[in-house]
Amino acid sequence: MLYAETLIVQCAPGKMGGVLAALRPHVERAGLGCWTNEFGTLNRITLFRTSETLSFFDETPILGATDLPAGTGGTDRTRWRVVGDGVLPPGQHGPIYEWRCYDVATSRMADMTAGFLSALPRRLALSSLFAVMESLDGAARFCHIWPYESLAQRTDIRRQAMGAGIWPPAGAADNLTAMCSEIILPADFSAYR
């Protein structure tokens, strides 16, 4: 089984450049994914890594106590179970990533995941998928991340998928209580670009 961990670092207005510069050596050394929000909650940095054991994340924190630079307004850590075919390997996949995260109704995660995975093969004929994940911390959340070459490509592919009736997965909305979509861009030193 594959697990993932995200650490979202919220930066104070005007401080993100300095925070990124301070995080760069750590991100490069640890081989982390590192994205900034272009659309959605601004001044946000998302750090990402995977492991085959869940305990790794507790034994080896994504950032040590002294690694979080000045100019941050807090962090949000989430551990995830990766579902489906895993996570794309480090490298160039974007540079546009759409991060879609849903709050899932109580006891509906299995239905959400099954419906998503059953519709996925037809959707993958149009573009690749970075990862699909179920949250292990906090509220029940379901996340899928799509890399695109451009916003225009994203719009075109989503139009094709919806027009052909292959996306979104049938019945998915019945499992959800909230939906969020953010466009994130990789830092030039991210393991995933």
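The largest nonpolar core has 21 residues, and Met112, Phe116, Phe142, Trp146 and Trp167 touch the most other members. A nonpolar core here is a set of buried Ala, Val, Leu, Ile, Met, Phe, Trp, Tyr and Cys residues joined through side-chain atoms within 4.5 Å; buried means under 20% relative accessible area, exposed over 50%, and partly exposed in between (1.4 Å probe, protein chains only). This is a predicted model, in which local features need pLDDT of at least 70 and side-chain atom pairs count only at pLDDT 80 or more, while totals for chains, interfaces and linings use all residues. Residues are numbered from 1 along each chain as its sequence is written, and side-chain values use heavy atoms, with hydrogens and water left out.

Two or more residues each come from β5 (96-104), α3 (109-124), β7 (141-148), α4 (151-163) and β8 (176-186). Helices (H or I, at least four residues) and strands (E, at least two) are DSSP runs, numbered from the N terminus. The top contributor is α3, with five residues. Another core, of 17 residues, lies apart from this one and includes Trp80, Tyr97, Cys101 and Met133.

Five of the seven residues in β2 are buried, and Thr36 itself is buried at 13% relative accessible area. Strand β2 pairs with β3 (residues 44-51) in the antiparallel sense over four bridges, and also with β8, again antiparallel over four bridges; pairing takes at least two DSSP bridges between the strands. Thr36 sits opposite Ile45 in β3, while Asn37 faces Ile184 in β8.
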